[in-house]
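The following paragraphs lead the reader through selected features of one protein structure.

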Amino acid sequence: MGYYKKSNDYEEKMSKVQKEVDQAIECIFKNGEFQRYLEVVSKFPKYSLNNVLMILSQKPNATMVQGFNSWKELGRQVQKGEKALKIFAPTFKKMEVTRLSPETQKPMIDSNGKNVIEKKDVLTGFRLVNVFDVSQTTGKELFNLRDLVRDDLKESHRIRELYKKFKDHLNQNSRFDVKEEILDDDGVRGYYRPTDDAIRINASVENTSMKFKTLIHEYAHGLLHHKDSEMKDLPRGHKEAQAEAVAFVVSKYYGLDTTQYSAGYIATWAKDINLAKQAMQEIQKVANQTISEIDGLMKD
């Protein structure tokens with residue numbers, strides 16, 4: 001694994017990598033590859049925007065990456081001559097910090113009136129590390145839980161069960177009020193109402209997979225565009241593009257049909273790389289959170 005100390009050399013290398021990441025973003029919008037980017041996001045739901053872009057630019061067909069030694073622990077060997085992929089890994093350092101109260105987030109005071117000190121791992125920066133995709137390795141066959149889940153969801157009773165579980169989970173464990181109702185407009189699959197955090201799914205839709213994807217779409221609106229959000233006043237097209245992208249990533253992750261995805265508004269993001277980067281980070285954050293919640297419901 002390569003590691004660069006925080007020196008002029010480190011700063012120069014990181015600056016160069018960041019420029020490559022920005023170029024990758026520009027390339028995605030210039031070449032109409034936003035959907036391809038979302039497909040890669042769906043394969044790496046716990047990775048940062050920068051790492052997804054680095055994987056996409058180095059090996060677009062990657063599906064699972066690990067370090068050299070991690071592959072060995074899984075009973076697989078990196079094949080000779082394979083070129084490593086570079087991604088970011090965080091670096092931490094044990095440091096003394098003031099302990100904060102979990103309730104008030106204010107410094108805790110001991111019996112002598114002094115701040116309580118504790119040692120914690122503090123993020124100090126990032127380093128470039130070498131990883132390899134599973135296609136670059138040979139050895140023991142891997143059990144892929146995600147593929148098992150995808151196959152299972154193809155059975156209609158399982159997707160019905162998951163849809164009901166997630167709907168109940170949101171009603172019981174979040175601020176959202178989620179219900180099915182017959183909507184006046186048959187063409188509307190659902191909506192989110194920010195004034196009272198209501199999510200409504202059109203009960204007249206018979207396809208449960210579509211109901212599930214609609215629930216994900218409206219949930220994304222609720223997380224990104226609620227009444228107290230800094231993004232609540234964004235153009236409608238921007239908000240719809242974000243919610244649609246989240247629904248695409250989550251659906252793709254679970255192997256559901258994504259052929260009806262429409263890129264739509266995202267072409268306007270190409271005009272402002274900072275706006276594009278922010279929108280992509282927000283999409284990934286919400287998609288990753290949603291996948292984590294659903295995985296928790298499916299762990300059994």
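Patches are made of residues with over 30% relative accessible area and no salt bridge, where like charges are joined within 9 Å and nonpolar side chains (Val, Leu, Ile, Met, Phe, Trp, Tyr) within 5 Å. Accessible areas come from the Shrake-Rupley method with a 1.4 Å probe, and for residues only the protein chains shown count as cover. A salt bridge places a side-chain nitrogen of Lys or Arg within 4 Å of a carboxyl oxygen of Asp or Glu.

The model is predicted: local features need pLDDT of at least 70, side-chain atom pairs count only at pLDDT 80 or more, and totals for chains, interfaces and linings use all residues. Residues are numbered from 1 along each chain as its sequence is written, and side-chain values use heavy atoms, without hydrogens and water.

Phe-92, Leu-123 and Phe-126 make a nonpolar surface patch of about 310 Å². Phe-126 lies in strand β4 (residues 117-133); strands (E, at least two residues) and helices (H or I, at least four) are DSSP runs, numbered from the N terminus. Phe-126 is partly exposed, at 38% relative accessible area; buried means under 20%, exposed over 50%, and partly exposed in between (1.4 Å probe, protein chains only).

Helix α2 (residues 34-43), by contrast, is mostly covered, with seven of its ten residues buried; among them are Phe-34, Tyr-37 and Leu-38.

β7 pairs with strand β8 (residues 198-202) in the antiparallel sense over four bridges; pairing requires at least two DSSP bridges. Tyr-192 has Ile-199 as its bridge partner in β8.
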